[in-house]
Amino acid sequence: MNKITLRNTLIPLFTLAFICFMYFGPITRTPFENIIISIIIIIANYIEYKGKPFSMLGFKREKFNAKNLLVYAPLVALGLFIFYVFAVVPGIEILTGVTIDYSSMSQLKGNLGNTIIWLLIVWVTAGFGEEIIFRGYLMRQFVKFFGDSKISLAINILIICGFFGYMHMQQGITGQLVVVIIGALLSIIFYIRKYDLWFLIMIHGFFNTLGILSFYFGLA
């Protein structure tokens, strides 16, 4: 583990405080808050790591290739989506006795214009935004301070994914628990892939794309 200095302790604390303010402060939440937070994170990393904001988040140049991003990532996303549809959602609905309310997505059925807009939004705010915030920054900062032993990793995933699930409170308790499970799986993949954030962004983006297209075609 790298030596922890005052510089790389205070900057993450201020950044975390900003993240909490954006999520829990007296301002109205918007779909673009993740973009704002991501920009602040990049600036914070630029200051903390002296001009290397992206590599420390997990943007690895050697991993940025068509095979990883356009073959392996979509296949993993497809497998994750199948597991989500046929195992995670039904299992959590049985556990809580509450079904996930998808009524807000009914506007997408057969509406190509709305579907395209939603796809753009989720790729930017969820695919890029959430992965930069929760995996690239928060998870990596935890590893910086506490390492990535099995115990540390388990605590890391529990805390970060609990936070990740809480931020999806609009989906109700069932939706939140589902998000926690999917977030935990994404975090494990991130660890297995040696913190390759490009791969996680593409998985998240393709996963959400499958979900939105299922609403468009009336399959959900």
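In this predicted model, the lining of the largest pocket comprises 27 nonpolar, 14 polar and five charged residues. The volume of this pocket is about 1,400 Å³. Its lining counts 46 residues, and those closest to the centre are Trp118, His168, Gln170, Gln171 and Asn208. Five helices are listed as giving two or more residues to the lining: H2 (33-48), H3 (66-96), H4 (112-146), H6 (172-192) and H7 (197-216). The most is given by H7, with eight residues.

A pair of packed helices is described by the angle between the two axes and by the distance between them. For H1 (residues 7-24) and H4, the axes come within 12 Å and cross at roughly 145 degrees, and the crossing is left-handed. On the H1 side, the contact involves Asn8, Thr9, Ile11, Pro12, Thr15, Leu16, Ile19 and Tyr23, which meet Ile133, Phe134, Tyr137, Leu138, Gln141, Lys144 and Phe145 of H4. Sorted by class, this contact has 10 nonpolar, four polar and one charged residues.

Alanine 44 counts as buried because its relative accessibility is 6%, against a cut-off of under 20%. Tryptophan 198 is 154 residues from alanine 44 along the chain, and the C-alpha atoms of the two are separated by 20 Å.

Note on methods. Residues are numbered from 1 along each chain as its sequence is written. This is a predicted model: local features need pLDDT of at least 70, side-chain atom pairs count only at pLDDT 80 or more; totals for chains, interfaces and linings use all residues. Side-chain values use heavy atoms; hydrogens and water are left out. On a 1 Å grid over the protein atoms alone, a cavity is a set of points where a 1.4 Å probe fits but cannot get out, and a pocket is an open set with protein on both sides within 12 Å along at least five of seven lines; lining residues have an atom within 4 Å of a point. Grid points are joined across faces, edges and corners, and a volume is the space filled by probe spheres set on the points. Helices (H or I, at least four residues) and strands (E, at least two) are DSSP runs, numbered from the N terminus. Ala, Val, Leu, Ile, Met, Phe, Trp, Tyr, Cys and Pro count as nonpolar, Asp, Glu, Lys and Arg as charged, and the others, Gly among them, as polar. Axes are lines fitted to C-alpha atoms, for helices over the stretch in contact, and angles run from 0 to 180 degrees between N-to-C directions. A crossing is left-handed if the near helix is turned anticlockwise from the far one by less than a right angle, and right-handed if clockwise. Contact means heavy atoms within 4.5 Å. Buried means under 20% relative accessible area, exposed over 50%, partly exposed in between (1.4 Å probe, protein chains only).
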